[in-house]
Each structure stands twice: as C-alpha cells, then as structure tokens.
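Please keep the sequence and the model in view while reading.

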Amino acid sequence: MAAMAEPRIRPKPSRFVRGRLWIQAAFLLVWLDPLALRLHNICGSVYHCYACPLALFACPVGVLANFSALHVVPFIAIGTLLVVGGVVGGFVCGWACPFGFLQDLVAKVPVPKVRLPSWTGYFRYAVLGGLVIVVPYFFGEAHPLFICRVCPAGAVEAGVPNLVREAAAGGSAAGMSALKWTILVLFALAMFVKFRPWCSLFCPLGAIFGVFNRFSAVFLRVSPKKCVQCGACRKMCPMNLAPEKQLNDLLCIRCMECTRCEAIEVKTAFSRSERADPAPAE
Amino acid sequence: MAQPGEARVRQCFRGRAARIVLAAMLVAAGAALVLYGVAVHSRTVLLKQAKPPAAAVAEKTLQESEPALIREVTVGGLRRSLSGELERTYGEGETPSLCPT
C-alpha cells in the first residue's frame, strides 16, 4: 500500500499572521482619528460608523445607502471601493476593519463556537441589495429598515458612546430605538458563540469586497503540487470554508490562517511563480 | 507540439496577465470615478429658510460638490424632498439635528 503524503502544516502561523491583531489595532488607531481631522467628506473603505464621535472617514455603506435615498450616484464611494477592492480585496475585512477587529477580540473568549454552513454568507448580498440600495431608494432614510437604523456597528460605535455622552452631560439620553437595542444585544451575544457573526452573515461591505477577492492584485493561491487534500486548512478556516477548493471565495476575509499549510501562499499579480491562479474567476 | 513546460509558461502568462489587466482596470475605473466625483459631480441643494420666504423671493439654493454631499449625509444634513430635490435639514446658523444612526 502506498504511503499517504504527509500534510505540510507549520506548527504555528507565520509572525505576520500572528501579528494580525496588532495590525488591526494599528488601523483602529488611524480610524479613530487621533488628530481630530474629521475628514468626513472622504469616503473610507472600512465598516466604521461616521456618527462615531471618533471617526476619521465616512462609512462607505452609509454613503451608499444615503445617496441611494437621495437618488444620487455615489461616484466617490463606488470609486473608492473599486480601487481598494481591486488592489487587496477582502484583506480589508481581515486586517483593517475595526468592526471585524472587535469581533476578533470577542472571539478570543473561550466559548464553543457555532459553525454555520458557508452558504449562509450569501445572505450578505440580500442585506446589500435590500437594506443598502432598495429600501433607501424607495422608502428614504427614515424607513426603520434603512441600514444605518439597524446597523450594530452604528449602535456600538456611535449609539452607545453618544448615549453615554448625553447622559454624562445631563441630557435626555433618548438614545436608540428598541429595534436597534435588540439588534445590539443579539449581536453582542452572537459574537461569543460565532466567529465574526456580522461579517459572515450580514456585512454588506464584506459582500462587496468578497466579489473583489476573485480579481484583486493580491490574492491567495494553493499549490496543487504541495496540497495533499488532507483537509487541515478547513479546520483552520474560521469562516468555515474549504480553502483548497474555495480559495479567494466570496466569503473569505483573508485572515490568512490557512497559510499555516505550506500549500497556500499569498501572491500578487506580479509574483513570479511556477503557475499563477488558474483563472481570475475561480 | 508544445512541450509541457512551454504550456505551463503560456498558461502562467495568461493567468498572470489576466489578473494584472483586471486589477489594473478596476483600479483605473475606481480612480476615474473618484476623480469625477471630486472634480465634476455636484448637485443643487435647497437651503432651509429660517423664516418663510416672501412670495417674491426665490428659494436659496447651493451647488454642492460630492465631497460636500458626503459630509452632509454623515451628519444627517440632507434629505430628498417630495418634489425630488435635495434639501438641507437645517437652516443657516443651525447645526444638523438628525443622526443617521
């Protein structure tokens, strides 16, 4: 009987991947606008609520939804997403998004995690189409299902801080709607039992960057020579994907946990290799 | 007949070239949209009057660039009127009261 090839798994992730939380923290420092520049006329590329007292740029999803409500084409927001997505794709989600960082931190709490089938991630496109484009376009920004009114990032980053600030100042602290409170509580609980619940099930920005995973200049590649189909990468993937088959998938946040396997590497379109990705659209 | 090595090199070139071209097209299209939005795109915004305007006085309007529109929406400062025009939610000297969240 032929001996089965051994999987080539590194004992621990590379230093770069181990430092992901630090890189996310560094990005968070930038998004929190330490120089108080408040560049809200510039569209950002991460999920960070512009109603946050500390927000450097405008949230691209908020801009898309509000411009949809105004029936104005958001050229700058679309252009920004095309540029960032075209270069790095879903790396934004895994490495730069402050809301993803929050979920990553909470996921460190040692609680058994639920693993949902990866197809549930396609619900993000329903959120993108429904709550970001269609509802605002036809019903305006006052509709209770307008994305900003149900967004947990807005609740965490803007709603609660503003509530505390108003309460501290002796204001009325009328605060958020019951719907938003409910979403916030459910989301807070979900963060403990599911890895990145917002990103994997609902995030409209992740849905957009997921599309770019297939075309971006920086991408992941599996070497058919080195892959022994051991399935180890599936156990490493926090998004419940099968990286050897679904590399650069719509749902991949490019956390690079799967690169512990030597068969999976990060490449750029300019990398010299024996063979690049088989096709831009896998 | 092409050698396997040659075929691999050709496939590599095709895959790499396709990815470079696609990524470059996305970035170029995105940059063009951003430039258009920053430099060209603007919309007329109706300014809210502190007092009802006299019948003879025309409504005040302002041509706002897209970056200015983005800033306005981040503070809930714009809405679409029933007539389909963009209007400010706050008057001159006032601060916007609406918060999108």
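Predicted model: local features only at pLDDT ≥ 70, side-chain atom pairs only at ≥ 80, totals over all residues.

## Contact between α3(A) and α7(A)

Two packed helices are described by the angle between their axes and the distance between the axes. Helix α3 of chain A covers residues 60-70 and helix α7 of chain A covers residues 123-139; the two pack at an angle of about 25°, and their axes lie 7 Å apart. Because angles under 35 degrees count as roughly parallel, α3(A) is described as roughly parallel to α7(A). The crossing in which α3(A) passes α7(A) is right-handed.

## Contact between α7(A) and α12(A)

Helix α7(A) also packs with helix α12 of chain A, which spans residues 204-212. Here the angle is about 120° and the axes are 8 Å apart; α7(A) and α12(A) are therefore oblique to each other. Their crossing is left-handed.

Which residues of α7(A) meet α12(A)? They are R124(A), Y125(A), V127(A), L128(A) and V132(A), and their counterparts in α12(A) are P204(A), G206(A), A207(A) and I208(A).

Chain B contains an open sheet of four strands, arranged in the order β2-β1-β4-β3 with mixed pairing. Which strands stand at the edges? They are β2 (61-65) and β3 (78-80) of chain B; each has a single partner strand, so one side of each is left without a neighbour in the sheet. From one strand to the next, the twist averages 40°.

Strand β1 of chain B (residues 42-48) and strand β4 of chain B (residues 86-91) run parallel and are joined by three bridges. In this part of the sheet, V45(B) stands opposite L86(B), a residue of β4(B).

## A helix across the strands

Helix α2 of chain B, formed by residues 66-74, lies across β1, β2 and β3 of chain B. Relative to β2(B), helix α2 of chain B runs at about 100°. One of the strands that the helix lies across is thus also an edge strand of the sheet, β2 of chain B.

Definitions and conventions: Residues numbered from 1 in each chain as written. Chains lettered and ligands numbered in written order. Axes fitted to C-alpha atoms, helices over the stretch in contact; angles between N-to-C directions. Parallel < 35°, antiparallel > 145°, perpendicular 65-115°, else oblique. Left-handed = near helix turned anticlockwise from the far one by under 90°. Contact = placed C-beta atoms within 7 Å. Pairing = 2+ DSSP bridges.
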